[in-house]
Amino acid sequence: MSKGLGTTVGRSSRRRILRLAGGGITMAALGAGLTGCEDELATGGEGSTPSPRSTSPEDGKAPADGKAPEPLWTKSTSAQTYGDNDELVAVDGVVIASGDPLVAFDGATGEERWSLPDGAVPGAPLLLGDGTLYLESGKYDGSVAGYVPGSGKEAWRSRLGKEYRQPRPVAVDAEQVYVIAEILEADGSSHTNAIAALNSGTGKVAWKEQRDLGTQQNGIHAAVQGRYLVYTDFKNNLTVRDTATGKQVWTQKTTKTSYGPFVVHQDLVIVPQGQRLQAFALSDGSEKWSVRTEEFTGFREPSLLEDVLYIADSARTLWAVEPGTGQKIWQSTALKDASAQVPRQFVKVGGTLYGATDLDKQGGIHAFDAKTGGLRWTFNDKSGDYHSWLVATDGKRVYALHGKKLHALPA
């Protein structure tokens with residue numbers, strides 16, 4: 001499981017600003033900074049949204065190298081995303097993007113299957129576990145809910161307690177849902193937060209632990225591996241807790257941070273930290289291996305797919321790495337050769353690796369040869385929307401979300 005976000009090394013990206021705004025940090029300049037983008041879209045300028053494209057002339061087959069596919073279908077959505085990888089999911093024959101109302105589209109046809117008003121808080125993760133979609137309640141009533149993805153029917157609901165404000169799920173396994181919540185003071189203010197585990201069968205609180213003063217409930221990215229719950233936060237902390245008791249196993253500061261990107265593999269947590277990609281033992285935090293990229297270059301978000309770690313760096317080099325040892329499988333300069341944008345999220349179908357980028361005319365959804373890193377094609381809807389691209393797959397199709405436009409591409 002991987003939940004990662006990042007910024008270009010050495011400067012803040014607009015995607016990061018959007019995330020921070022979505023996480024509850026007010027920025028007065030945000031609206032003014034985006035006005036030009038919205039005006040351009042509204043007036044039909046260079047960034048105007050094109051009409052939905054027709055079905056691919058390839059009859060649903062992936063295109064030849066160098067030729068981007070036509071979408072199988074395109075739909076306008078209620079999506080309200082902030083660039084996080086888990087704001088778009090494909091499961092049980094539907095594809096769902098974070099928004100209000102929360103809408104599930106049929107993966108094959110694009111027809112609406114169900115809609116859930118106040119179903120989720122925009123920008124909050126859509127967490128899948130044991131056939132259930134777990135959501136922070138969009139009603140802001142302090143509850144966490146679980147739904148059947150294929151039908152939208154509620155299957156589970158839990159509350160942490162009245163003394164906690166708006167628990168937000170951050171990770172899930174077969175037995176528990178892990179949440180972060182503010183601890184309320186008598187006057188309604190909050191200066192601390194807690195992490196807790198809710199039983200995914202009964203909804204009862206399994207354990208809860210107060211986090212250190214100065215930590216934040218926003219910016220948490222987490223994963224579960226066996227008995228370990230691993231998470232990062234805005235304060236450059238990498239922390240591991242015992243899933244059975246909630247007790248902290250270890251914590252340490254990261255030297256650099258991209259605000260949460262990491263992957264777990266067997267007994268390792270693998271974290272990009274600027275120029276270095278480091279693997280630490282889940283049991284005690286000891287370093288097991290380290291990979292270094294070029295000077296003045298930083299690693300972006302990693303993805304672990306079929307036991308291969310894929311990651312790009314800011315020099316536009318794409319890496320495939322053996323996650324257990326850090327050994328390089330291949331490196332590709334195809335992005336640099338094509339002057340293409342660096343991807344920050346990956347999915348894989350068969351022999352093709354798909355990467356989603358930030359906003360950029362040379363970005364969109366890249367398709368790579370998974371064995372060599374060769375760039376096959378790039379899909380871009382030419383809308384000029386300022387949102388980052390998100391990608392998901394059900395193994396049959398690849399779903400690309402850009403702003404409020406959801407495209408289904410042949411895999």
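Two strands pair if DSSP finds at least two bridges between them, and in this predicted model strands β10 and β11 run antiparallel and are joined by six bridges. The chain averages a pLDDT of 84, with 83% of the residues scoring at least 70, although residues 1-60 stay under 50.

**Confidence**

- Across the chain the average pLDDT is 84, and 83% of the residues reach a score of at least 70.

**The largest nonpolar core**

- The largest nonpolar core is made up of 15 residues, and those with the most contacts inside it are Trp73, Leu88, Val95, Phe105, Tyr399, Leu401 and Leu406.
- Two or more residues of this core come from each of the elements β2 (88-91), β3 (94-97), β4 (102-106), β30 (389-393), β31 (397-402) and β32 (405-410).

**Salt bridges**

- The whole structure contains 17 salt bridges, and one of them joins Arg168 to Glu136, with the closest N and O atoms 2.6 Å apart.
- Another salt bridge is formed by Asp233 and Arg211, whose closest N and O atoms are 2.8 Å apart.
- This second pair also links distant parts of the chain, with Asp233 in the loop between β15 (228-232) and β16 (237-242), and Arg211, 22 residues away, in the loop between β13 (205-210) and β14 (221-225); Asp233 and Arg211 are both buried.
- Arg376 and Asp369 meet through their side chains in a salt bridge of 3.5 Å, N to O, and here Arg376 is partly exposed because its relative accessible area is 21%, while Asp369 counts as partly exposed because its relative accessibility is 22%.
- Salt bridges also link Arg300, Glu301, Arg344 and Asp358 in a network.

- Gly119 is located in the loop between β5 (112-116) and β6 (127-129), and it counts as buried because its relative accessibility is 4%, where buried means under 20%.
- Beyond its neighbours within four places in sequence, Gly119 is in contact with Leu135, Glu136, Ser137 and Gly138.
- Although Gly119 and Glu136 are 17 residues apart in sequence, their C-alpha atoms are 7.9 Å apart in space, and Glu136 is also the salt-bridge partner of Arg168.
- Thr239 is found in strand β16 and is buried, its relative accessible area being 4%.
- The side chains of Thr239 and Thr251 are joined by a polar contact of 2.8 Å, and, when residues up to four places away in sequence are not counted, Thr239 touches Leu229, Val230, Tyr231, Gln248, Trp250 and Thr251.

**Backbone features**

- Most residues other than glycine have a negative phi, and most peptide bonds are trans.
- The peptide bond that joins Asp100 and Pro101 is cis, with omega about 0°, and Pro101 is placed in the loop between β3 and β4.
- Asp118 has a positive phi, near 55°, and is a residue other than glycine; Asp118 lies in the loop between β5 and β6 and counts as partly exposed, at 34% relative accessibility.
- Lys382, also a residue other than glycine, has a positive phi near 65°; Lys382 is in the loop between β29 (375-379) and β30 and is exposed, with a relative accessible area of 58%.

Terms used:
Residues are numbered from 1 along each chain as its sequence is written. This is a predicted model: local features need pLDDT of at least 70, side-chain atom pairs count only at pLDDT 80 or more; totals for chains, interfaces and linings use all residues. Side-chain values use heavy atoms; hydrogens and water are left out. Helices (H or I, at least four residues) and strands (E, at least two) are DSSP runs, numbered from the N terminus. Buried means under 20% relative accessible area, exposed over 50%, partly exposed in between (1.4 Å probe, protein chains only). Contact means heavy atoms within 4.5 Å. A salt bridge is a side-chain nitrogen of Lys or Arg within 4 Å of a carboxyl oxygen of Asp or Glu. A polar contact is a pair of N or O atoms within 3.5 Å; within protein, one must be able to donate a hydrogen and the other to accept it, and residues adjacent in sequence count only if both atoms are side-chain atoms. pLDDT is the predictor's confidence in each residue, from 0 to 100. A nonpolar core is a set of buried Ala, Val, Leu, Ile, Met, Phe, Trp, Tyr and Cys residues joined through side-chain atoms within 4.5 Å.
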